[in-house]
Amino acid sequence: MSSSPIFFRSGLLLLLSILFLLTLAPTPSQSAVSSIDLGSEWLKVAVVNLKPGQTPISIAINEMSKRKSPVLVAFQNGNRLIGEEAAGLTARYPDRVISHIRDLVGKPFDYVKSYIESMYLPFQLVDDSRGGVGVRIEDGDVAYSGEELAAMVLGFAVELATVHSKGKVKDIVITVPAYFGQAERKGLIQAAELAGINVLSLVNEHSGAALQYGIDKDFSNGSRNVVFYDMGASSTYAALVHFSAYNAKEYGKSVSVNQFQVKDVRWDPQLGGQTMESRLVEHFADEFNKQLGTGFDVRKSPKAMAKLKKQVKRTKEILSANTMAPISVESLYDDRDFRSTITREKFEELCEDLWEKSLIPLKKVLEHSGLKVEDVYAVELIGGATRVPRLQATLQEFLGREDLDKHLDADEATVLGASLHAANLSDGIKLNRKLGMVDGSSYGYVIEFNGPDLLEDENSSKFVVGRMKKVPSKIFKPFSHNKDFEVSLAYEGDLLPPGVASPVFAQYSVSGLTDASEKYASRNLSSPIKANMQFSLSRSGVLSLDRADAVIEISEWVEVPRKNLTVENSASGSPNISAEGGPKNISEESIDGQQTDGGSSNTSNTSVNEQSTTDLGTEKKLKKRTFRVPLKIVEKAVGPGMLSKEAFLEAKARLEALDKKDAERKRTAELKNSLEGYIYATKEKLEALKELEKISSNQERQSFIEKLDEVQEWLYTDGEDASATQFQEKLDLLKSIGDPIFFRFNELTARPAACEHARRYLSELQQIVDGWETKKAWLPRERIDEVLRDAEKLRKWLDEKEAEQKKISSSSKPAFTSEEVYEKILDLQDQVASINKIPKPKPKVEKPVKDDTASSSSSEETNTTSSEETQTSETSESSTPEEADSEPDVHDEL
């Protein structure tokens with residue numbers, strides 16, 4: 001394989017400057033950027049943050065301190081729950097927990113309905129007006145679209161990133177499976193917009209993995225082909241990526257730059273870890289039905305199936321490390337417990353047909369790329385399901401290798417690689433390690449034009465954008481036509497996204513061409529009217545029609561003033577001069593050029609000007625004029641289209657209301673916990689700290705305890721559904737009683753310690769002043785005296801306050817506080833520090849008095865030297881005045 005800079009030369013190279021040490025470009029803010037790996041089951045978030053003291057790239061943890069969060073949304077008692085909160089309701093209220101949210105976006109209703117039912121998920125799907133999917137929530141009156149649910153999850157992910165980075169996060173990159181089609185990609189971008197997120201780009205999962213793989217490697221010694229094999233929860237893919245390096249100039253030096261290009265990717269969108277789990281679920285459901293013996297099928301109970309699926313997941317994980325695993329479900333159905341065991345051998349038997357299926361994406365990649373197994377440098381495993389021993393054994397047998405490559409983190413490689421892409425695309429981050437990335441479109445596309453009188457010519461009415469077309473790309477297509485027409489975008493061949501029945505995914509109506517043709521029909525057209533079409537394949541893999549123009553070219557004879565040709569023009573060699581229009585332009589340009597030539601004399605310029613102003617009449621010239629008329633483009637909905645403008649605004653308002661309600665609910669919960677925690681902690685202190693008797697009366701403590709009991713009783717009765725404001729008021733009330741007591745308690749030890757510190761410093765201060773007088777005699781005496789006076793004032797203040805404190809009760813308000821003492825000491829220390837900084841004055845240096853005779857002699861020597869350097873003959877200070885006056889004349893001549 002050649003490692004020459006083919007990507008750079010052809011414009012295919014997107015330079016990703018990646019880090020070992022990230023540095024910020026000068027920007028007004030240092031906001032973080034983030035990547036989100038949105039899977040069917042799990043969500044991972046990585047953050048690129050360059051604030052001091054923080055790891056440049058790290059995984060954001062959730063409220064349970066976990067590095068991944070379940071992709072779940074639930075609605076319970078009018079409240080919305082996301083992630084771990086929603087997971088807590090799965091077993092009890094499975095119909096209220098919505099899962100597989102990524103797979104609800106941009107897919108046809110019938111396909112999603114079949115898939116959800118096969119997973120025994122009981123939430124209620126509805127067919128929305130666009131042909132897409134919505135989910136009806138608990139009250140039955142509200143249904144949320146797939147985009148709205150995805151927006152909720154993405155907003156939750158950005159919140160995790162914001163908390164983790166301790167700063168604002170708005171710019172993100174989202175990973176998507178390679179098999180995502182146009183509807184899914186556009187739907188996910190719109191979901192992010194609903195959440196108020198700026199999507200820098202969607203990035204294919206395999207590209208994220210390739211970035212993470214290649215960032216710390218050197219390919220200057222040779223290129224390599226690497227296959228990334230990923231089996232996640234619901235899908236499997238194999239991607240072939242070619243890594244190489246090329247030499248480039250940087251600051252005048254030759255440096256080696258790594259690069260990679262995705263050559264091919266193949267997938268199975270319905271094979272994943274959940275497929276294996278479903279085999280176990282069916283097996284254990286049959287076993288429980290036999291144990292039940294009533295003829296009832298446990299599959300009809302949503303709660304029972306939710307419990308069973310949860311335990312099956314754990315059992316599968318155990319089988320990855322053990323040859324046998326138990327399963328135990330308390331009260332699976334009708335108060336009947338279920339317990340059983342299964343061996344790894346039995347599990348592999350249940351999934352026997354899946355092992356051969358798992359090889360199909362890998363085989364297809366090698367077949368279509370023309371590579372053999374031995375041409376592949378490494379097969380990197382990513383995705384949680386690749387931990388299954390039998391799957392690894394199947395891959396090893398096919399590849400003929402004893403060991404598989406596991407250099408990447410199976411769970412986090414994709415999101416970490418995507419974060420590097422996010423860092424590169426952001427404005428405020430400068431990265432200093434380069435890795436070129438070229439990814440391509442997973443599907444091929446056919447662009448077809450339809451309209452009246454349009455030629456049925458394959459070359460003019462349609463064209464193909466092949467698979468693995470580089471992203472991003474601009475595509476231009478001109479064709480001759482003079483009437484309004486339509487454009488359709490479709491997938492090429494039989495390779496379609498999951499659930500898609502029709503290959504056409506977008507249609508546009510282009511108008512304005514008929515009117516433009518009629519307007520210019522009477523003019524002398526030099527060529528047929530054309531329509532110039534501009535398409536784009538975005539960095540996110542979205543194909544769209546961006547612009548359409550009518551191009552009209554007209555040839556017309558026009559009257560122009562005749563220009564005279566000079567002899568100089570003939571001598572200049574202008575060819576084929578005639579009175580006709582075309583060649584005449586060349587000679588005219590030549591004349592103009594001579595008239596503006598700066599080297600001509602004034603006489604010559606005058607002559608030319610006189611000739612050019614002579615009225616020689618007019619002549620005809622044939623001129624071509626090109627007109628570009630923008631055409632109107634209207635997109636028509638095809639399949640599960642995007643939300644309309646009205647629906648988008650309505651959805652955004654609903655999400656904002658939910659966000660506001662969630663924020664209030666969390667604030668209420670936090671304040672309730674704070675109030676409850678304060679009551680318990682305070683009661684414990686009142687019982688355990690005997691020293692409180694010294695600073696408070698029995699009546700004061702008893703009254704406080706009664707108030708604590710009163711608020712505690714309210715908390716578990718009327719306060720169960722109280723608002724955040726009520727909890728705050730109760731907490732403030734208790735603190736207004738307790739804070740003075742505990743302040744006095746703290747001052748019992750803090751005040752004497754502060755006084756001791758102050759007196760110790762006053763003693764040290766006298767030693768400091770003595771040192772000034774012996775070692776820094778230049779210090780101003782008035783400043784030193786001022787410090788001594790302030791020190792004496794502080795000593796007297798301490799004596800007075802300590803005497804006053806002894807006279808009052810410990811349960812009364814203190815005469816002074818430890819904070820006051822420390823503030824006075826700090827003020828005194830600042831004075832001392834400012835005096836210490838006064839520098840020693842520089843000694844005055846007296847200039848010696850110069851001798852007049854020596855000065856005169858020195859001056860004469862200098863003048864003589866100067867004269868010898870500038871004159872061609874020797875001169876002396878004794879020269880006569882006449883000789884001296886003649887010197888300027890000599891210089892003038894020179």
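Let's start with Arg339, which is partly exposed, with a relative accessible area of 48%. Its side chain meets that of Asp337 in a salt bridge, at 3.7 Å from N to O. Keep in mind that you are looking at a predicted model. The points below go from charge pairs to the overall layout, and then to some individual spots.

**Salt bridges**

- Asp337, the partner of Arg339, is partly exposed too, because its relative accessible area is 33%.
- Another pair to look up is Arg625 and Glu556, whose side chains form a salt bridge at 3.9 Å, N to O. Arg625 sits in strand S31 (residues 618-630) and Glu556 in strand S30 (residues 543-561), so this pair ties together parts that are 69 residues apart in sequence.
- Arg625 comes out as partly exposed, because its relative accessible area is 44%.
- There is also a network: Glu41, Glu277, Lys313 and Lys316 are joined into one by salt bridges that share partners.
- Arg299 and Asp297 pair up through their side chains as well, in a salt bridge of 3.0 Å, N to O.
- Is Arg299 buried or exposed? Arg299 is buried, because its relative accessible area is 19% and the cut-off for buried is under 20%.
- In total, the structure holds 50 salt bridges.
- As for the background, side chains of opposite charge can pair when their charged atoms come close.

**The whole protein**

- How many helices and strands does the protein have? The count is 26 helices and 32 strands.
- The protein has 894 residues, and buried ones make up 43% of them.
- If you take the contacts with a separation of 6 or more, 72% of them are between residues 24 or more positions apart.

**A charged patch on the surface**

- Which residues gather in a patch of negative charge on the surface? They are Glu819, Glu820, Glu823, Asp827 and Asp830.
- Glu819, one of that group, belongs to helix H24, which covers residues 818-836.
- Glu819 counts as exposed because its relative accessibility is 53%, and exposed means over 50%.

**A buried lysine**

- Lys44 is part of strand S4, residues 42-48.
- Lys44 counts as buried because its relative accessibility is 11%.
- What is Lys44 in contact with, once its neighbours within four places in sequence are left aside? The list is Ser35, Ile36, Asp37, Arg67, Lys68, Asp411 and Val415.

**Loops that meet other parts of the chain**

- Ala777 is in the loop that links helix H22 (724-775) and helix H23 (781-807). Ala777 is exposed, because its relative accessible area is 68%.
- Between Ala777 and Lys840 there are 63 residues in sequence, yet their C-alpha atoms are 9.0 Å apart in space.
- Asn524 belongs to the loop between helix H15 (513-520) and strand S29 (530-537). Asn524 is partly exposed, because its relative accessible area is 46%.
- Asn524 and Glu553 are 29 residues apart in sequence, with 8.6 Å between their C-alpha atoms.
- Neighbours within four places aside, Asn524 is in contact with Glu553, Ile554 and Ser555.

**Backbone spots worth a look**

- For context, most residues other than glycine have a negative phi, and most peptide bonds are trans.
- Tyr120 has a phi near 55°, a positive value in a residue other than glycine. Where is Tyr120? Tyr120 lies in the loop between helix H3 (109-118) and strand S10 (124-127), and a relative accessible area of 25% makes Tyr120 partly exposed.
- Asp335 has a positive phi as well, near 60°. The loop that holds Asp335 runs between strand S18 (324-333) and strand S19 (336-343), and Asp335 counts as exposed because its relative accessibility is 68%.
- The peptide bond from Val471 to Pro472 is cis, with omega near 0°. Pro472 itself sits in the loop between strand S25 (470-471) and strand S26 (473-480).

Definitions and conventions:
Residues are numbered from 1 along each chain as its sequence is written. This is a predicted model: local features need pLDDT of at least 70, side-chain atom pairs count only at pLDDT 80 or more; totals for chains, interfaces and linings use all residues. Side-chain values use heavy atoms; hydrogens and water are left out. Patches are made of residues with over 30% relative accessible area and no salt bridge: like charges are joined within 9 Å, nonpolar side chains (Val, Leu, Ile, Met, Phe, Trp, Tyr) within 5 Å. Accessible areas come from the Shrake-Rupley method with a 1.4 Å probe; for residues, only the protein chains shown count as cover. A salt bridge is a side-chain nitrogen of Lys or Arg within 4 Å of a carboxyl oxygen of Asp or Glu. Lys and Arg count as positive and Asp and Glu as negative; His and the chain ends are not counted. The place of a charge is taken as NZ of Lys, CZ of Arg, CG of Asp or CD of Glu. Helices (H or I, at least four residues) and strands (E, at least two) are DSSP runs, numbered from the N terminus. Buried means under 20% relative accessible area, exposed over 50%, partly exposed in between (1.4 Å probe, protein chains only). Contact means heavy atoms within 4.5 Å.
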